[in-house]
Amino acid sequence: MRKKIFSGVQPTGNLHLGNYLGAIKNFVKLNNEDQNECVFCVVDLHAITVAQDPKKLKENIYETVATFIASGINPEKSIIFNQSKVSAHSETAWILSCVARMGWLNRMTQFKEKAGKDKEKASIGLYSYPVLMAADILLYDTTHVPVGDDQKQHLELCRDIAQKFNNDFNVGDFFKLPEPLIQKEFSRIMSLRDGTKKMSKSESSDLSRINLTDDKDQIVNKIKKAKTDPLPMPSSLEDLNNRPEAKNLIGIYSSLNDFTLEKTVKEFSEKNFSDFKKILSDVCVEKIEPISNKIKKLLNEKNYIDKILSEGSKKAEDIASKKIKNIKEIVGF
Ligand code: AQP
């Protein structure tokens, strides 16, 4: 089946193993399937929902594109661009924000997590972020959205918004309802310091994540220091319950190797964590070090990245400008 793929990554620095295993690895697979049309967006408008240093933001845009290419996305085959270059994203987001309901947005758990206790001081952009995300997806008649498990709720909201727009304006299936593509078995990579928290770019401890720019020594050191529990390695899948750190490391090893959790649990049943960590380090270094080296090399070729972004923006603009024109007509502008 021909799939139209859209997904985005925020240029907020410190791209990590969670971003890779939860999303980017899947982008590469979809990019490599001949029949797919893929759009991979550096979502800089999303990034500014929390304060960004403008100079760093620019660097992070380059780094995100470099990460896409270093991971294996082919810019000749997939469209790579940054969101702020195509104004239809913001225009569509405004129109959809008049369709989306406050009650729907109030249920979004990511806003609650990111805004924390001080909701009153969070930006309006952080609150309405999922509406912009819906605009991103719907502008490209996307059929499938590869995302990490943490984005599932936003994707459901996107479908609700699309459906309501189609109904309100009586326009059949003008907006296609996109399907999420989420890793089946182990879809959320957790912090190396706390197995109950998502691995995240903004976590202050660098030891909590493996950055895609880490070198061999850093990777080995972080895995060595990763939190475990005092018991031997689990001997069954049930044994993973209530052992979040063990589950996380086993999940990372399985995801990196494309193994099932069951296979990994069997392989290391009752072994001690220190032996497992050595093997996990080797796999991590084998998979991540080449990406890290390529990112660093690409960051010295900014003209090449500028060219990718400029060509990608033109192609994206071509698709999005047609859709926004139709959206405006439907709304009555
Ligand atoms: N820990 C994770 N496990 C699996 N997937 C993850 N993703 C992020 N963290 C994990 C997926 O990576 C894609 C890009 O994420 P993003 O850059 O748009 O933003 P995010 O989800 O807010 O990422 P972070 O790292 O958690 O950033 P901060 O710290 O700023 O909140 C998405 O598909 C996401 O699901």
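Rings of Phe, Tyr and Trp (the six-membered ring in the last case) are taken to pair if their centres lie within 6.5 Å, with planes under 30 degrees apart counted as stacked, over 60 as edge-to-face and the rest as tilted. The structure is a predicted model, in which local features need pLDDT of at least 70 and side-chain atom pairs count only at pLDDT 80 or more, whereas totals for chains, interfaces and linings use all residues. Residues are numbered from 1 along each chain as its sequence is written, and side-chain values use heavy atoms, with hydrogens and water left out.

A search of the whole structure finds 14 aromatic pairs. Among them, the rings of Phe27 and Phe68 have their centres 6.0 Å apart and their planes at 70°, so this pair is edge-to-face. The pair links distant parts of the chain, since Phe27 belongs to helix α1 and Phe68 to helix α3 (residues 54-71), 41 residues apart; helices here are DSSP runs (H or I, at least four residues), and strands likewise (E, at least two), numbered from the N terminus.

The ligand is surrounded by 21 residues (a heavy atom within 4 Å), of which the closest are His16, Asp150, Ser200, Lys201 and Ser202. With polar contacts taken as pairs of N or O atoms within 3.5 Å, oxygen atoms of the ligand lie 2.7 Å from a side-chain N or O atom of His16, 2.5 Å from a polar side-chain atom of Asp150 and 2.6 Å from one of Ser200. α1 gives the most to the shell, with 4 residues.

Terms used. Polar contact = N/O pair within 3.5 Å; in protein donor to acceptor, adjacent residues only side chain to side chain.
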